[in-house]
Amino acid sequence: ATGFNTVTYTGNGGTQAITGVGFTPDLVWVKNRDESDRFNLLTDTIRGATKSLASSLTATEADTTYSNGLTAFGTDGFSVGSLIDFNGSADKMVAWCWDAGGSTVTNDDGTIDSQVRANPSTGFSIATWTGDGDVRTIGHGLGVAPKLIIVKNRDYAVNWNVWATGFNGNEYLILNSSAAKASYTNNWGSTPTTDVFGVGNNNGTNGNTNDMVAYSFADITGYQKIGSYTGNGSTTGPTVTTGFRPAWLLIKRTDSSGSWAIWDATRNASNP
């Protein structure tokens, strides 16, 4: 399966087309590597070009929509404008790109209809819906139960909510925070199934009349793996077997505070 790629490029402070992704990306997660005060910004094809969300902020989509940000999706990449977060002059940039399949469809598997782009072969989907402030289910389109779900309310300045395998229906992490795993009644409503995931009666996962977005990831043998492990505090840590050489790795401590960390095999070509 070919549904993910990391590309690096050097910003020019103007406009440029970034190619070499290998497919039309449906989610592009960009970070300026040289500017510590710039945001991680996520843009997807359902919400549309220029409409970013910042993973480190509670900010709404309107707050992070940039006409000079990610300006278009292409068959082999994407185009960027002059915004420093996407194209700072002489700055080193990284873009993590996912393919969510060929088309957006209306999914009525849940109690709220969702607009979904799904790539079951690589275990990734994007879903948007309008919340109603109640405990509901949302179709994800993967055909297997996702093991990682990242949700953001696009209209309301509230935390990103993250559910991962092993969590119960109330437990969550916050993508824009280093906080440990916490619990909130009806945060998710129910754990994911082959067709749907649950959302609760709160603004973070199903805000009333608010536009919502969710990125869902499922295990795919030999391609994608979501799980957990227990650290040992040593410089020689545990070996985590995935069954393949990872191209992208996201780690977060769950039992205490700790930063989210991302590695990829493009910037980190060898394992030290």
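## Strands and their pairing

Two strands are taken to pair if DSSP finds at least two bridges between them, and strands themselves are DSSP runs of E covering at least two residues, numbered from the N terminus. This is a predicted model, in which local features need pLDDT of at least 70 and side-chain atom pairs count only at pLDDT 80 or more, while totals for chains, interfaces and linings use all residues. Residues are numbered from 1 along each chain as its sequence is written, and side-chain values use heavy atoms, with hydrogens and water left out.

Ile18 stands opposite Phe78 in β7, and β2 and β7 (residues 77-80) pair in the antiparallel sense over three bridges. Both strands belong to an open sheet of three strands in the order β2-β7-β6, with antiparallel pairing. The edge strands, each pairing on one side only, are β2 (16-18) and β6 (70-74).

A pocket is searched for on a 1 Å grid over the protein atoms alone, as an open set of points with protein on both sides within 12 Å along at least five of seven lines, whereas a cavity is a set of points where a 1.4 Å probe fits but cannot get out; lining residues have an atom within 4 Å of a point. Grid points are joined across faces, edges and corners, and a volume is the space filled by probe spheres set on the points.

The largest pocket holds about 2,000 Å³ of space and is lined by 49 residues, with Tyr229, Val240, Leu249, Leu250 and Ile251 nearest its centre. Strands β14 (161-164), β19 (248-251) and β20 (261-264) each supply at least two residues of this lining, and β19 gives the most, with four residues. The second largest pocket has a volume of about 370 Å³; among the 18 residues that line it, Asn40, Ser55, Trp260, Ala261 and Ile262 are the closest to its centre. Strands β3 (27-32), β8 (92-98) and β20 each supply at least two residues of the lining of the second largest pocket.

## The cavity

A search of the whole structure finds one cavity of 30 Å³ or more, and the largest cavity has a volume of about 40 Å³. Residues lining the largest cavity include Leu27, Trp29, Leu148, Tyr215 and Trp248, and the elements giving two or more residues to this lining are β3, β13 (148-153), β18 (211-217) and β19.
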